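Hi,

Here is the structure I promised to pass on. Have a look at it first, and my notes follow below.

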Amino acid sequence: MKLVKKFICDENGVTAIEYGLIAALIAVVIIASVRAVGTNLQDVFTAISTALASV
C-alpha cells in the first residue's frame with residue numbers, strides 16, 4: 001500500500017510530460033518559422049534568377 005501511495009504522489013512523470021509538450025511546441029514553432037523563411041528565400045532567389053536571365 002505504501003508503494004501505491006508513493007507512486008500516486010510522485011510528480012516526476014508529470015514533469016517529464018510537461019517538458020515533452022513544451023519541447024514539441026517549440027519544435028512546431030521552429031518548423032513553421034523555417035518554412036516561412038524558406039518560402040520567402042525561394043521567392044528572393046527566383047527574382048534574382050529571373051533578373052539575371054533577362055540581362
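**What I found**

Serine 33 sits in helix H2. Its C-alpha atom is 27 Å from that of alanine 51, which is 18 residues away along the chain.

Before you read on, two notes on the source. This is a predicted model, where local features need pLDDT of at least 70, side-chain atom pairs count only at pLDDT 80 or more, and totals for chains, interfaces and linings use all residues. Residues are numbered from 1 along each chain as its sequence is written, and side-chain values use heavy atoms, with hydrogens and water left out.

Now the overall picture. The protein has 2 helices and 0 strands (DSSP runs numbered from the N terminus: H or I of at least four residues for helices, E of at least two for strands). Its radius of gyration is 24 Å, well over the 10 Å that the globule rule gives for 55 residues, so the protein is more spread out than a compact globule. That radius is taken over C-alpha atoms, and the rule is 2.2 Å times the number of residues to the power 0.38. Along the principal axes, the C-alpha trace spans about 80 × 10 × 5 Å.

How much of the protein is buried? Buried residues come to 0% of the 55.

Back to helix H2, which covers residues 12-53. Two neighbours there are worth a look:

- Isoleucine 30 is partly exposed, at 49% relative accessibility. Its C-alpha atom and that of alanine 16, 14 residues apart along the chain, are separated by 21 Å.
- Isoleucine 31, also placed in helix H2, counts as exposed at 52% relative accessibility. From its C-alpha atom to that of leucine 3, 28 residues apart along the chain, the separation is 42 Å.

Finally, the charges: the mean positions of the 4 positive and 4 negative ones are 15 Å apart. Lys and Arg count as positive, Asp and Glu as negative, while His and the chain ends are not counted. Each charge is placed at NZ of Lys, CZ of Arg, CG of Asp or CD of Glu.

Cheers

Note on methods. Buried means under 20% relative accessible area, exposed over 50%, partly exposed in between (1.4 Å probe, protein chains only).
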